[in-house]
Amino acid sequence: MTMPEKKPGATALRPHAEDAFAEELKALAAADDRPRPDRWKLSPWAVATYLLGGTLPDGTLVTPKYVGPRRIVEVAVTTLATDRALLLLGVPGTAKTWVSEHLAAAVSGDSTLLVQGTAGTPEEAIRYGWDYARLLAHGPSREALVPGPVMRAMAEGMTARVEELTRIPADVQDTLITILSEKTLPIPELGQEVQAVRGFNLIATANDRDRGVNDLSSALRRRFNTVVLPLPATPEDEVDIVSRRVEQTGRALDLPAGPEGIEEIRRVVTVFRELRDGVTADGRTKLKSPSGTLSTAEAISVVTGGLALAAHFGDGVLRPSDVAAGILGAVVRDPAADRVIWQEYLEAVVREREGWQDFYRACREVTA
């Protein structure tokens with residue numbers, strides 16, 4: 001099947017990390033004089049700098065891709081420089097996919113060697129498939145074989161990614177055991193194998209809310225070094241993350257982002273953190289937590305949706321009425337139990353909070 005030609009001037013709605021941050025990666029490569037593992041585009045130090053941000057000797061500003069403990073990033077990068085695969089674990093919305101993509105972009109210059117895990121992911125997605133026209137015409141051959149992302153990464157010394165590993169059926173998961181332990185992918189139909197070349201490694205992600213869906217076997221888990229990505233430690237960290245990601249998304253969607261919006265971002269983050277933690281920020285009032293995760297990723301979605309409302313149906317300034325419906329949708333997942341929790345929070349906390357009256361009225365309006 002031929003792909004349609006890209007129209008002149010057309011830009012991707014969401015460029016891959018290696019494209020979106022190409023200038024930063026180029027500047028890092030030019031300034032990077034430290035040892036690099038085989039086939040790595042950058043040294044481990046430069047990869048960590050790319051993720052955590054910093055200023056290079058030539059004045060180039062590298063924007064943070066991940067806001068969190070430095071040691072977590074250092075352990076993740078170091079793992080990829082060894083013969084152990086990396087498993088990024090955490091609750092939904094802790095930037096596992098985001099970190100995985102940026103690690104692959106910085107290490108291999110290509111974040112697209114990706115297997116998306118679902119309940120229906122077949123073995124072929126991890127190993128290889130066949131060009132059935134050639135297979136029927138000429139029988140099994142290397143020409144008829146269609147390599148999967150992991151097989152390509154092995155052959156080229158690249159970083160492969162497996163998203164939502166615990167959603168993949170257990171027998172398909174275990175396809176990775178030989179790949180990760182022996183660094184070999186057998187092709188029994190041809191009596192051949194593909195051996196991983198230096199530079200190959202694999203990053204998998206899983207969220208610990210899915211424990212019990214398709215738990216990893218002990219044999220497979222031993223092949224990974226597990227790094228747990230926590231929720232943002234402080235409200236300021238979370239506001240910073242949401243602000244940065246909303247700004248990036250807003251630019252891609254041509255949405256205006258005025259400085260006035262920071263107050264609403266801070267409000268959304270406060271609501272999410274309080275309901276998530278089960279206590280108000282001052283520690284005085286215990287709260288019931290709704291069934292949803294209320295993650296940082298959901299806060300980004302709520303604020304982005306609010307900006308779109310403000311841009312297309314308002315005056316371009318983010319206001320409480322723009323984010324109220326999004327917050328309601330994020331909080332009330334169970335229409336019965338979560339709605340009660342939300343209404344109690346509105347009346348006991350939001351209603352009494354100084355400077356939150358407009359927000360309270362907007363939320364009451366969409367909740368009624």
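This is a predicted model: local features need pLDDT of at least 70, side-chain atom pairs count only at pLDDT 80 or more; totals for chains, interfaces and linings use all residues.
Okay, let's start with a lysine. Lys 183 counts as partly exposed, at 22% relative accessibility. Lys 183 sits in the loop between α10, residues 175-182, and β8, residues 184-187. Its backbone is worth a look too: Lys 183 is not a glycine, and still has a positive phi of about 55°.

There's another residue of that kind, Leu 294. Here phi is positive as well, about 50°, and again the residue is not a glycine. You'll find Leu 294 in the loop between α13 and α14, with α14 covering 296-313. So is Leu 294 buried or exposed? Leu 294 is buried, with a relative accessible area of 1%.

Now the sheet. Five strands make an open sheet, and the order is β4-β7-β10-β3-β11, with parallel pairing. The edges are β4, at 114-116, and β11, at 224-228, each of which pairs on one side only. On average, neighbouring strands here are turned by 20° against each other, ignoring direction.

Let me zoom in on β3, residues 85-90. On one side, β3 pairs with β11 in the parallel sense, over five bridges. Two of the bridge partners, if you want to click on them: Leu 88 goes with Val 227 in β11, and Leu 89 goes with Val 228 in β11. Five bridges also join β3 to β10, and those two strands run parallel. Over there, Gly 90 stands opposite Asn 207 of β10.

How many residues of β3 are buried? Six of the six, so the strand is largely enclosed by the rest of the structure. Both faces are covered: Ala 85, Leu 87 and Leu 89 are buried on one side, and Leu 86, Leu 88 and Gly 90 are buried on the other.

What lies across the sheet? Helix α8 lies across β4, β7 and β10, where β7 is 159-163 and β10 is 201-207. Against β7, α8 runs at about 160°. The helix itself spans residues 149-156, and its buried residues include Pro 149, Val 150, Met 151, Ala 153 and Met 154. Just after α8 comes Gly 157, with a positive phi of about 70°.

Pair one is α3, residues 44-52, with α5, residues 96-108. Their axes are 10 Å apart, and the packing angle is about 140°. The two helices are therefore oblique to each other, and the crossing is right-handed. From α3, the contact uses Val 47, Tyr 50 and Leu 51, and from α5 it uses Val 99, His 102, Leu 103, Ala 106 and Val 107. By class, this contact has seven nonpolar residues, one polar and no charged.

The other two pairs share α13, which covers residues 261-277. Take α15 as the partner, residues 320-331: the axes come within 11 Å and cross at roughly 20°. That makes α13 and α15 roughly parallel, because angles under 35 degrees count that way. The crossing of α13 and α15 is right-handed. On the α13 side you have Glu 264, Arg 267, Val 268, Val 271, Phe 272 and Leu 275, and they meet Pro 320, Val 323, Ile 327, Ala 330 and Val 331 of α15. Sorted by class, the contact of α13 with α15 has nine nonpolar, no polar and two charged residues.

And then there's α16, residues 337-350, which packs with α13 at about 115°, the axes being 12 Å apart. That crossing is right-handed. Thr 270, Val 271, Glu 274 and Leu 275 from α13 meet Ile 341, Trp 342, Tyr 345 and Val 349 from α16. The classes for this contact are six nonpolar, one polar and one charged.

One last residue before I stop. Ala 252 is in helix α12, residues 235-252. With a relative accessible area of 40%, Ala 252 is partly exposed. Which residue have I paired it with? Thr 11, which is 241 residues away along the chain, yet the C-alpha atoms of Ala 252 and Thr 11 are separated by 9.1 Å.

Technical notes: Residues are numbered from 1 along each chain as its sequence is written. Side-chain values use heavy atoms; hydrogens and water are left out. Buried means under 20% relative accessible area, exposed over 50%, partly exposed in between (1.4 Å probe, protein chains only). Helices (H or I, at least four residues) and strands (E, at least two) are DSSP runs, numbered from the N terminus. Axes are lines fitted to C-alpha atoms, for helices over the stretch in contact, and angles run from 0 to 180 degrees between N-to-C directions. Angles under 35 degrees count as roughly parallel, over 145 as roughly antiparallel, 65 to 115 as roughly perpendicular and the rest as oblique. A crossing is left-handed if the near helix is turned anticlockwise from the far one by less than a right angle, and right-handed if clockwise. Contact means heavy atoms within 4.5 Å. Ala, Val, Leu, Ile, Met, Phe, Trp, Tyr, Cys and Pro count as nonpolar, Asp, Glu, Lys and Arg as charged, and the others, Gly among them, as polar. Two strands pair if DSSP finds at least two bridges between them.
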